[in-house]
2 protein chains.
Amino acid sequence: MLSYSEENHLKAIFHLSVNNESGVSTNSIASKMNSKAPSVTEMLKKLSEKDLVVYKKYQGVLLTDFGRKTALSVIRKHRLWEVFLVEKLNFKWDEVHDIAEQLEHIKSEKLTNELDKFLDYPTKDPHGDPIPNPAGFIKYTAKLVLSDLLIGETGKFIGVKDSSSTFLKYLDKREISLGSNIKVIHKEEFDESIHIGLVETNLSISVKSAANIYVTKL
Amino acid sequence: MLSYSEENHLKAIFHLSVNNESGVSTNSIASKMNSKAPSVTEMLKKLSEKDLVVYKKYQGVLLTDFGRKTALSVIRKHRLWEVFLVEKLNFKWDEVHDIAEQLEHIKSEKLTNELDKFLDYPTKDPHGDPIPNPAGFIKYTAKLVLSDLLIGETGKFIGVKDSSSTFLKYLDKREISLGSNIKVIHKEEFDESIHIGLVETNLSISVKSAANIYVTKL
DNA sequence: AAATTAATTTAGTCTAGCCTAAAAATTTAG
DNA sequence: CTAAATTTTTAGGCTAGACTAAATTAATTT
Ligand SMILES: [Mn+2]
Ligand SMILES: [Mn+2]
Ligand SMILES: [Mn+2]
Ligand SMILES: [Mn+2]
């Protein structure tokens with residue numbers, strides 16, 4: 001039975017492993033966990049002891065298959081609960097993350113799988129992130145950021161890179177929501193802002209925002 | 001922000017306070033918590049420090065209004081989650097308690113209240129126990145145990161005293177479920193067993209079982 | 001290639017939550 | 001109303017998980 005802290009460390013390592021062939025560094029984990037390096041080192045020893053990671057002093061750390069599967073099980077629960085909160089309990093997409101951080105640690109496979117069924121087997125969470133299946137398989141969708149689109153190109157808004165409450169609420173205010181088709185109308189040279197067209201309206205947004213919006217080219 | 005252990009102690013004290021005017025004893029709490037007296041003493045000092053209980057050495061302990069409200073909030077969450085598991089996720093009444101023990105500690109008032117709404121404001125949990133309202137008000141129903149009924153009397157099955165998985169599954173097997181009207185047909189002198197009549201069938205059950213079934217006289 | 005800088009680990013400390021054993025207070029009994 | 005039994009508290013210890021400061025190893029510069 002893993003502790004919350006062990007599960008959270010595994011999750012952090014998993015997220016840091018994406019696009020990172022070599023080992024994950026102690027400091028990067030500490031920074032993601034809002035803790036300090038010595039706490040991470042101690043945890044790595046414990047996780048290594050339990051065969052959840054491969055750890056060699058000063059060499060960074062990598063998940064074992066077992067560790068990866070465990071991390072994905074936590075992520076699966078996190079995302080399913082986020083769907084539940086939005087779909088069934090009237091939460092907004094910017095309100096669910098903190099609660100899901102708590103719910104992801106509830107231990108009951110039956111609960112997770114019944115929840116999955118109850119939600120009709122969703123494949124994406126409210127932020128567009130893929131939901132791993134019970135076996136720990138996760139289906140990634142090719143995506144690029146809106147700021148990479150050229151003038152005249154259109155993309156479908158499929159996810160956010162920055163999922164902070166602030167950014168999510170900003171998108172709500174501008175009525176940019178998951179699934180929207182966004183066309184790049186014009187790029188301003190002076191401040192690099194990007195004029196975009198939604199189904200109805202046209203808007204202008206900063207590069208910073210555009211760099212945080214995942215799209216698939218249409 | 002209270003810890004799980006603090007919340008669990010409050011819950012234990014609350015349950016031990018029912019029908020117990022004077023203070024709750026250290027040992028009774030330890031026994032309910034599956035811990036030892038010194039651990040309880042230590043916790044009582046902490047809870048007292050936080051004004052959740054009134055504690056005086058060797059004098060037992062009582063909840064303050066604040067402590068009582070806090071305990072009831074945990075119990076409210078526990079019972080709402082049990083309803084959710086049974087009503088929405090196909091759990092049986094004997095499978096929900098352990099999961100609710102985890103879920104009752106999730107911190108989000110909005111979550112609790114939205115869940116309540118989603119479940120259409122249930123007043124009883126799957127075991128017949130009343131669900132406190134958001135203000136911490138709990139509505140008790142007058143009840144007696146089946147074994148107290150006299151021959152010829154009929155009672156409506158409204159709750160269980162023993163809510164162990166074993167007993168609940170036994171009731172399932174005998175097809176005795178919440179809401180059933182149970183008539184006492186005969187009491188066997190030899191082994192004190194009680195012959196009862198359900199809507200259709202007649203059964204015989206032990207005094208022990210009968211002493212664990214709450215009914216209201218019809 | 002040595003020196004400096006940066007990253008990581010070790011050493012030692014702290015708190016929460018639990019424990020056992022011993023001491024003290026309260027209750028029960030003779 | 002003392003004496004024994006019971007209950008409760010204190011004392012001291014342990015583990016998990018966090019931290020700071022110091023030491024060590026690795027990486028980067030000159
Ligand atoms: Mn999230
Ligand atoms: Mn998400
Ligand atoms: Mn329960
Ligand atoms: Mn219940």
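Glu82(B) counts as buried because its relative accessibility is 1%, buried meaning under 20% relative accessible area, exposed over 50% and partly exposed in between (1.4 Å probe, protein chains only). The model is predicted: local features need pLDDT of at least 70, side-chain atom pairs count only at pLDDT 80 or more, and totals for chains, interfaces and linings use all residues. Residues are numbered from 1 along each chain as its sequence is written, chains are lettered from A and ligands numbered from 1 in the order in which they are written, and side-chain values use heavy atoms, without hydrogens and water.

The manganese ion (ligand 4) is coordinated at 2.1 to 2.3 Å by Glu82(B) (OE), Asp125(B) (OD) and His127(B) (ND1); donors are N, O and S atoms within 2.8 Å of the metal (3.2 Å for Na, K and Ca), and sites may look incomplete, as water is not among the atoms. Glu82(B) lies in helix α4 (residues 65-87) of chain B and Asp125(B) in the loop between α6 (109-118) and β3 (144-145) of chain B, so the pair ties together parts 43 residues apart in sequence. Helices (H or I, at least four residues) and strands (E, at least two) are DSSP runs, numbered from the N terminus. Asp125(B) is also buried, with a relative accessible area of 5%. Glu82(B) coordinates both this ion and the manganese ion (ligand 3), the two ions being 3.4 Å apart.

Over all chains, 16 salt bridges are found, each a side-chain nitrogen of Lys or Arg within 4 Å of a carboxyl oxygen of Asp or Glu. In one of them, Glu7(A) meets Lys107(A) at 3.3 Å, N to O.
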